[in-house]
Amino acid sequence: MTEWNWTYDDYRPEQEKLREALCTLGNGYFATRGAAPESRAGDVHYPGSYLSGGYNRRNSEVQGRVVENEDLVNLPNWLVLRLRIDGGDWLDLDTLEVVAYRQSLDMRDGILIRDVTVLDDDGRKTRVVQRRLVHMARSHLAALQTEVAACNWSGTIEVESALDGRVVNDGVERYRGLEGKHLAPIDAGAVDEDGIYLKMRTSQSRLEIALAARTRIYRNGSHIDLEPSLTQDPDYVGQTFAAHIEQERPLLVEKTVALFTGRDHAISECGLEARQAIRDAPRFGELLTEHALLWRQLWRRFDLQLRLRDDDGGRTASILRLHLFHLLVTAAPTVMDLDVGVPARGLHGEAYRGHIFWDELFIFPILDLRLPEITRSLLMYRYRRLQAAREAAREAGYRGAMYPWQSGSNGREESQKLHLNPRSGHWTPDETHLQRHVNGAIAYNIWQYFQTSGDVEFLSFYGAEMLLEIARFWASIATHNQALERYEIRGVVGPDEFHTGYPDRAEPGLDNHAYTSVMAAWVLCRALDLRAHLPTERWEELRELLAISDDELTHWQTVSRKLRVCFHGDGIISQFEGFDDLKELDWQAYRERYDDIQRLDRILESEGDSPNHYKVTKQADVLMLFYLFSTEELQRLFDRLGYRFEPDMIPRNVEYYGARTSHGSTLSRVVDAWVLARSDRPRSWSLFTEALESDVADIQGGTTSEGIHLGAMAGTVDLIERCYTGIEIRDGHLWLNPDLPDELAGLTMRLRFRGQTLELEISHDLMRLRAVSPETDCIHLHCDGQDIRIAAGETYDMKPEQKPVRVEAPRALGAFGP
């Protein structure tokens, strides 16, 4: 393993599905898991390809009731490429002796390389070297190059290349009792002399999907003119080529695939486009050159160069790059031309059905400071579903916009009604749709994007409207308690998710949930601030459009000062009203009884119990406040609400809830590492390294194979990028206040802030800032009481005692800076 290659040097069938997820390639338009081309879905392998935004709904019967689920559809398998010698069995690593094996994800160039040598029962040794890409520039193309070498034999090699539409959604074991067939065949056949074509349609969303593949075989660089035989069924089409191969004289097989859908821009008909694309596509080498160039350009923007005090063989740097790689696989620049969100599990599998949650909160900061244009397009996914959020609020009896906890195609609530506990086999009611805090996350993302980019155009015509409607929702859901002279938010669920109600109350939901209420107050404040950030004419237009009266704005002011937050003990913020009345759990007894207690909710349910009885949390909940807001901002918020908040309350709350958290979510350690960064750096770094291993070590025992955890991946990068460097966007300025853990000797990275590209080199002894490409004459800094100007190409060095440093914002007029 190197810092740029994620490598496996052995074949382990029990690890294949995990490795397939971690070796997924994609370009934001579609992605393909790192399954072997000859593999088929089963206990060992799960080939899968997923289209961004490619959803379909199916009905299933569960416990006598019909439920409808919307899934990200597993597309026809384009990878299929099988080999056999002299009419024997198809080469299969699970039935042959594997002499040598190496699979390597080249993250710098965005390709997957597989080098396998096998020995069959007749003593014939064959080496197969494959390189695969999903093209970053030509987003509709993917390609597979296969070099076959007969090590100690000569004979006939048969090559089958196919497009397989017989696939179903079957990648998550707990979903297997539900309907998973989403595709129906339309057409299939040959294209010219060396191509094939398959067209399918989703059953409910009526999305037409067309694939075409061109397969050519080369010897010594020259194309061999072969006549393939054709195998054709309604949902499967394949070609089989037979070629003579000499010992130690390899053959090269190139398979180029085009994928189009009926919803693509600037097309006539998706099948026509796919067939033409493979006719026009160049050879693998040229495709690779173009593709690698785009990846190198992306890495110039996104890479983090670490210097650790103790050499770990490059593992930390390699995992961070793997996390950045999968962020770009899912949210590449291609998405700027698409109407899509960011699935919590990427485009890497079928867990969470490909839905969009609140994980954007952890993902967008990376994009905001590198390619904010991507964030803008992903926020537009929310804007286009604003009307659906308004309808959801109206149906629930509220005003404004109430976004769903789980979103898919059109913005309706996609949360499941019933949840299967795989430990007990029971289907139980799922109340997590009550996580109204997702509305706070969307508003926070809008504001952070604006603060980082200065994109007044977006704020004026899209962001402000969402913010105002979300603020209206919070003001609407808050009810007045005359006895307390406070406004209360009742019947919600927080990020914890273990607690969905009270033991003595039939209706689900929690009251005065601290994180939800404080976020609601923050959103109301930002909505009221909009007047200062928008042109006067646009502010008045929005008020007229949304019928926002002076009385309503006054009501928002009142609610933002009177929302109820509960406390107990010595300055402990109660996760929700009544949290302190719950029983303490015997953590030691459960750790002794069970190997893994991360999912205590499932353990307790299997015992006939519930987390609703105990002071236990799945993941950071109250601590999210310390994750999102600085001490100064929290003091302002609590002062506005009329509550005392002192900085020393933070470590007390961190200790209190840390002792009661099972870390049942991969996001949990990210948040805990962040909130401990200033008070307990060794513990923070330890939690960071645990979070770093979440997916590569599959610490949740099998979930990563169903799809990576993109929020946790981005969150670990953000710990390095913003937390340990003390980067904060506040009041339109970028602040730098680094406090590196002892284990981290230094780092170098590039950031983009309001059109200015900065290169930062930070160590314990020095902070160096270089102006890479300012869009203005120079970059303005304020450091140690001095105003400093840095022209393009110039650097400025600062000592630790000179921090914090403030980077001034240029005036901003449009989406991409001044």
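**Notebook: a helix pair and a pocket**

I looked up helix α18 (residues 666–675) and helix α19 (residues 681–692) and found that their axes come within 8 Å and cross at roughly 160°. The model is a predicted one.

I then checked the direction of the pair. Angles over 145 degrees count as roughly antiparallel, and α18 and α19 are therefore roughly antiparallel to each other. I noted the hand of the crossing of α18 and α19 as left-handed.

Next I listed the residues in contact. On the α18 side I have Arg669, Val670, Asp672 and Ala673, and these meet Ser684, Leu687, Phe688, Glu690 and Ala691 of α19. Sorted by class, this contact of α18 with α19 holds 5 nonpolar, 1 polar and 3 charged residues.

I turned to the second largest pocket, where the space comes to about 1300 Å³. I count 43 residues in its lining, and Phe629, Ser630, Thr631, Glu632 and Glu728 are the closest to the pocket's centre.

Which elements supply at least two residues each to the lining of the second largest pocket? I wrote down α8 (437–453), α10 (514–533), α15 (624–628), α16 (631–641), α17 (649–658), α18, α20 (710–723) and β26 (728–730). The largest share of the lining comes from α10, with 7 residues.

Last, I sorted the lining of the second largest pocket by class and got 23 nonpolar, 9 polar and 11 charged residues.

Methods:
Residues numbered from 1 in each chain as written. Predicted model: local features only at pLDDT ≥ 70, side-chain atom pairs only at ≥ 80, totals over all residues. Heavy atoms only, no water. Axes fitted to C-alpha atoms, helices over the stretch in contact; angles between N-to-C directions. Helix = DSSP H or I, 4+ residues; strand = E, 2+ residues; numbered from the N terminus. Parallel < 35°, antiparallel > 145°, perpendicular 65-115°, else oblique. Left-handed = near helix turned anticlockwise from the far one by under 90°. Contact = heavy atoms within 4.5 Å. Nonpolar A, V, L, I, M, F, W, Y, C, P; charged D, E, K, R; others polar. 1 Å grid on protein atoms, 1.4 Å probe; cavity = no way out; pocket = protein on both sides within 12 Å on 5 of 7 lines; lining within 4 Å. Points joined across faces, edges and corners; volume = space filled by probe spheres on them.
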